[in-house]
Structure formats: structure tokens, C-alpha cells
Amino acid sequence: MTENQKNITEEKNTQLEPLLEVQNITKRFPGVLALDKVSVRFYPGEVHAVVGENGAGKSTLMKIVSGAYTPDSGDVVLQGEKVSFAHPIDAYSKGVSIIYQEFNLLPERTVAQNIFLGREPARMGVIDMPQLNKNTEAVLKEMGVEKMISPTAQVSSLSVAAQQIVEIAKAISYDSKVLIMDEPTAALTNIEVKMLDDLVKRLKARGMAIIFISHRLAEVFDIAEKITVLKDGQFVNTVNVKDVAPADVVYMMVGRVLDHYFPTLGSPGDFGEVVLRVKDASNDFLKDISLELRRGEVLGVAGLQGSGRTELAQALFGVVPFKSGEIEIRGKSQSVNTPFHAIRLGMGFVTEDRKSEGIFPKQPIRDNMLMTIRALQSFFGYVLNDGVRKSRKLVPTLGKQVDVRTDSYDREIQFLSGGNQQKVVLAKWLASDAGIFIFDEPTRGIDVEAKASIHDMIRDLTKKGVAVLMISSELPEIIGMSDRVLVMHDGRIAGELAAKSSETNIMLVATGHQNRNDANTSVWAGKE
Amino acid sequence: MTTSAISQNGFLRFIRRIPPVYFFLILVFVGGAILDVTFADGQMVTNPTILTNILVRSVALGIVAVGQTFVIIGASIDLSVALVVSVTAVMTSFIMQGDPAKVPLAIGVVLAIGVVTGMVNGFIITKLKVNAFIATLGTTLILRGILNASFANFKGSVPRSFEYFGYGKIGPVPVSILALLIVLLAGWFILARTKYGFQLYGTGGNVEVARLSGLRTDRVLIIAHIISSLTAVLTGLFLVSRLRAGAPWIGTDGVYDLESVATTVIGGTALAGGKGGVWGTIGGVLIFSVIDTLFNQMGVNPFMKNILRGVIVILAVASYTIRSRREAA
């Protein structure tokens, strides 16, 4: 039955007219050819992933399709008709909606108020509240999430996944035929991703065309039927998922084979003495945390969203400090109650949210790199012993060390790509001579190539005797990088696993199915 | 059983929806009453006239604070209200000159002044993209210059019939309190039940989201500024009907600019916009009135009351941030 249906839809697809088509789109920004005669067809009932490195032109293409940009030349054809959207709302009303990477919801308003913002059912300007909630309920029911989300719930009280669903509900309520999702899963846990998967299947069944932009290739292969690869603003290819392997797609994206994604792990001889020891430490989010971090190792921290991963990093760095327990740094008992202390104890923290916690977007690359040095200088030191002269030498050295690609270090950092920004953040901590590095999602939203070079840099750090604690929600990254893995669950360290543990093993501990004692000896061990 | 559970639930929800400012209000009132009974004549609780006066004191600030709440929800601010109050008071008595026949003309003129001021503020903020604080500070200085150049002291007077607004009563209830109540109800209704209100919360909450949802955010903000100026005009009319003549310092002496902002944030409206409402604001206004009355009763140096006001502003806002941090945890 289902098999038959599948065949029928597939047959249909080949006969169907594309729902949305871009033809020879060219878009030029000052100094950059962002898109060069790109043509893609998107069919109904199909998930079509658009992949490429940062700067490949994915976002520009999506902004053109959704009406935020107008192309210099070329056409957007919606259901056989040429369209030109002057404003995103034009695109919405014609059935093309987009869900951006950053949440576009009002946290202080209810689900209903968000979904129907600007389109509330009303008589002479007075809102029909029961009708508003009824309409919202209908949309939620259509998506099969009415039990999970109430129309009158305040958005800030919802989980990240539920907020994502509200965004999709908003898009659907415009009666969209084309739904563009820009990195929809960046902030979701695996279980939530699964939920999103199911939702996408429902939408497909309604005959919508779904355009999916993601950096996670594994996900793309799970969810999409077709993949279009862009590189440097040019169309490379459109392929059927079933015809290719991930490695092929990576090759198309970067134009070369990335034969090893990850640098080789450390060997026992590389690991030195314990530099950071935490004993029975707790705060409002974390319970009974005990861990040891050695020189020269990468200690991975895995766990689901909300398991306390980020909170652990914040506690170690004194952002939200531990309330009880002991911290020992290089054998001495210390209290790390503020980042001020942490930095002086030789710690560096590469935060998860680069834009709001890692960089000063409107300051030059130079000043971003020198931030920690200046903070470490004595209060009057900076004035007397001006950093500008020093920086003339230091900044290019650091820049070369981390391979920042820019024409000038005086450029505002906001104009760099995500990968290059992250390299500057790294340089900032290299400058402070930190011996303990905490990375929280070091490669989030970064393209494949920059990702690999950041991984290499992390490994190089450990070779110089730096101790690294690396938090990541991407299991391949955890497995590929970690010499040991701590798995968090519900604010506790639920288990410690050896290097190269399987994804299954980590997930079992992370979901609370197994504790540390039997994780290593489990029947699951070695499978996969 | 179940119904009682539901009603209890409903009751809890109702309690939770009361802006926390009312707990401060009760605290200030009870504390004030105890002080009054112990150290003064205790009339603050025993004499209904004094209780009514607390409300009447609230009218001038209350009306303009409702308008201020609108602009602050829109993530804007209006510092020009004090000068609009002054201009209204002066122009009203200047045009009326004690002649009842000129009442409609005067009211028409000041309403027009209010609309124009609000529109100018709104245009400067949305079209010239000047920060609201600076924009309305600018219009304040301009209005002050015009006013001080033209009028030095009380000018003209209002006819007796116009004093009805300030002193009249319907039964036992002062007209002015009814006016405040009407403004409050209208403010609540617009914010909580109309498309415009929803759009204002959207614009203040996140301009980009609002724009992508198809709202004309510029227009929404300009209307909020017009509403704010119009409430300032109403306050000006109320004050001139009580004082019988307008002087250029009426608005500035009443510190309606900063006090309307202060009472709005005490009431729980976020200065960042997108959150809050008029019921909280009026709670803040009542707190200020209770403090005024208390200091009058006790015969304490009136400048001292500013210390207490300052402490309350800081405590109230601190309690909100602590609360929201706990909710986030």
C-alpha cells in the first residue's frame, strides 16, 4: 500500500511541473559575485536540500526566493508564473515562506498572537479572541502538535523545539506551498530533530515543496530527496540522495576530497598531569560534578540539550559559578567565581553563541584579538605601555597562526564569515596564553573546510600541552575529537566513555538508559 | 470537587496575572497608614475625602502615564509630554479668556497641537531614525523655547463651566476620576483587544519580526506617539481646569515626563518594549499618590518624598529582573 503510494508520488514527481523554479539568477554585491546564473527546480512533495560552504550563496539564493533581495538578473517562477517579490510579505502572501536561523518570534506573546501577528481575526479592529485561539488550534492540529503546544501558552515558556514548531506553524498558516528552512535543526537535540522529521513528512504529504538548508550532512541525507550543491556562487549539481554518498557531496562542496575529517587522537604519552580537578561541585543546574582534565588531552562533553553541558562550561569559567564543591587548578584549590578569576587562572572560553558572547561585532579584528591581553594588563598598564605598538607585531602573528582570511585586520569582525570569526575568537585566547581551553560548540554554523582547520587547531593546542574541554552536540565531532568523553544527563555526569565510543553508546548514557558502570561493558559496545 | 479545583486554579491564575506592583502598593499603603495613625492624625484611613484626594492626585499623572505606557510598549519613549502638558494648559486658558463660548475652539486647538506633536515625534523617530530619547528631548526643547518666548506667567483663565472637569462630581464620584477610569479602560481595550494593540506589542517586541509579519511598524509607532501626546493634552486640560489658568511651568514642575516613565516601569512595562500594560502603570501612579498624601499628612519636608520614590522605582524594577531571571532558571 504505502510502497505503492510512494511509487505513485515518485512517478508524479517526474511528470509534475516544478512548484518553484529559479532561472539564471545572478546577484552581485559590491566586490562579490554572490550568485552566478544559478538555476534550480523545486518540486511539490519533495524535500530539497541546498548545501555549500559559507559564502557559497545559499543564503543569498534563499533571500531572493523569499523576497528579501531582488536579483540583478534571472527569474523566480512560481507555479509557472514569473514573480518578483518586493518585500518578504509579498512572498508570504503568494505561498513562499521562510524560517530563518534566528528565531523570529515574540517571546512575551502567546503562541496564537505570534502565529497570527498582523492577521488576527477582527471586526472593525477589535480582535475576536475565541476565533483567534480556534484558528491557532486548527493550525496546530493540522500539524499534529495540538497536544504539545497550547495556543495561549507564552512563547518564552516553550522549549526550543516547540518554538521552532510555532515558527513552522506560522509559515503554514500563510497557506504556504513552499517552505524554506534555514538550518532548522541547529539548536535541536536528536529527539527533537526526529520530531521535526515527522513534521516535514506530513508537510510533504500535503504537496508542499520544502527547501532545507543545513550544515549537517547526516541530516540532509536523512531528510532530503534531492541535494543541490552551490560553490562560490555557482551551481555545481543537483543530485538524488539515493544516488550519492556523503563523501561525494562533500567533494562537490569543497572541490576536493576531505579524506580525514578529524586529526588523529592523542596517544597516552601526550597526556600529562591533571590541571583541572573538580570535586562534588553543584549549583542550581548541576549536581555532584566531579571531573579531571589533563594536559594534552581533549575531554569531550556530550549530552542532550538541557543536560547541563553549557552550564558546566559556564560554571568552570565562573560565569554561573558552582555553589559548593572544590575546584583545583594545577594542584591548588581555587575559587572561580567570575570570568575575571578564570582568565587570570589561565582559562579560555570559546562560547557557543559567538555573536553575542564571543565577539564585538562592530570592532575591528585587531581589537577583538587583543581583548584578553588588554584585560590581563594592569589597570594603568594599557595606558602607559600602549598595546597599539605591540599589536602591530602580535596581531599578524596570531592571524597567521589561526589562518584568518581577511585583507585587513582593521576590518570590523562582523564582515567575516562564521569560520573566520571563530578563528579570531581562538586567537584571542591564544594571545592570553591560556592553558585550559573550554570550547562550547566550537564549529557551530561553520563550513566544512573551516571546521576541519578548527579541529586541527584544537589538536595542535593539546600538542603544546594545553588541556581542552570540548562540548558539542554533534556526536561525530565528539567521537572524532575526544580522548575521553563525559556524557551529561539531567545536570549530572552520567558516564565517562573511552575514546572512539560509538554513537549508540553515548546516546544510551545521554538519554539516561545506562550509567557509567555498565556503559563500557554493555552489549551495545562495539556495535555499529 | 472538580469545579472547586477549577475555580481555585482560575483564582490562582487571576492572582498571578495581577501586576506585582499592586503588592508594592498595598505595602506602601499599609505602611503609610500605620505611620499616619501612629505619628499623625490617622486621617489617611479614616477620612474618605483624603482617600478620594489620593485618587484625584493620580488623575493628572495617570492619564499621561497611560500614553507613556503605549510608547514604551512600542520600545520608544516620550519625554515631550511635560511640555505638551504646559502648552495645553497655557493655550487653553489663553484662548478661552474666561469665555464659555470659546471652550470648543480651545479644546480643538490643543487636541490639534497634541496630534501634530505626536506625529512630529513619530516621524523623527521612524523616518529620520533618530533615537526616541533624543528625538523627544529635541521636541521638548523646541516647545519650551516657543512657550517661554511667548508666555511668562499665567495667561487668561478658564470659564467656570470648564472647571467642572477638575472639580465637578457625578453623585459622590469626581468627574476627573471618571475621566481617568475611561482613559484606563480605553487604553486596556486598545492594547488587549484590538489589532492595533497587538501590532504595538509586536513592533515593540521585535521590529524585524513585526516587519516580516507584514506590519507597517512606522505607522504603528507614529500612532503610539500621537496617543501619548493626546493623553498629555488631556492631562493639561485637567490641570488647567483645576488651576483655572495655565502657566508655562505647569508640566515641567509636575515632572510629568520622568514620572510617567517611572510609573510605567514600576508597573512592569519593559523599557525594552513588547511587554506590559496600563493596569501596572496605574498601580505605579497610585503608589506615587499615596506617598504624596502620606508626606502631606506627616508634614514632612516634601523633598524627602523623592527619596522614597527613588527607592521604590529601583526596588520595583530590581524585583522584576530577579523574578524573570528565576523564571528563566
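Two strands count as paired if DSSP finds at least two bridges between them. I take helices (H or I, at least four residues) and strands (E, at least two) as DSSP runs, numbered from the N terminus.

Housekeeping first: this is a predicted model, where local features need pLDDT of at least 70, side-chain atom pairs count only at pLDDT 80 or more, and totals for chains, interfaces and linings use all residues. Residues are numbered from 1 along each chain as its sequence is written, with chains lettered from A and ligands numbered from 1 in the order in which they are written.

**Entry: E19(A) and its neighbours**

I looked up Gly348(A) and found Phe437(A) of E19(A) as its bridge partner. Strand E18 (residues 347-350) of chain A runs parallel to E19(A), with 4 bridges. On to strand E20 (residues 467-471) of chain A: its pairing with E19(A) is parallel too, over 5 bridges. There, Ile436(A) has Ala467(A) as its bridge partner.

I then traced E19(A) through helix H17 (residues 448-463) to E20(A), and the three make a right-handed β-α-β unit. Right-handed means that, with the strands pointing away from the viewer, the path from the first strand over the helix to the second runs clockwise.

**Entry: cover on E19(A)**
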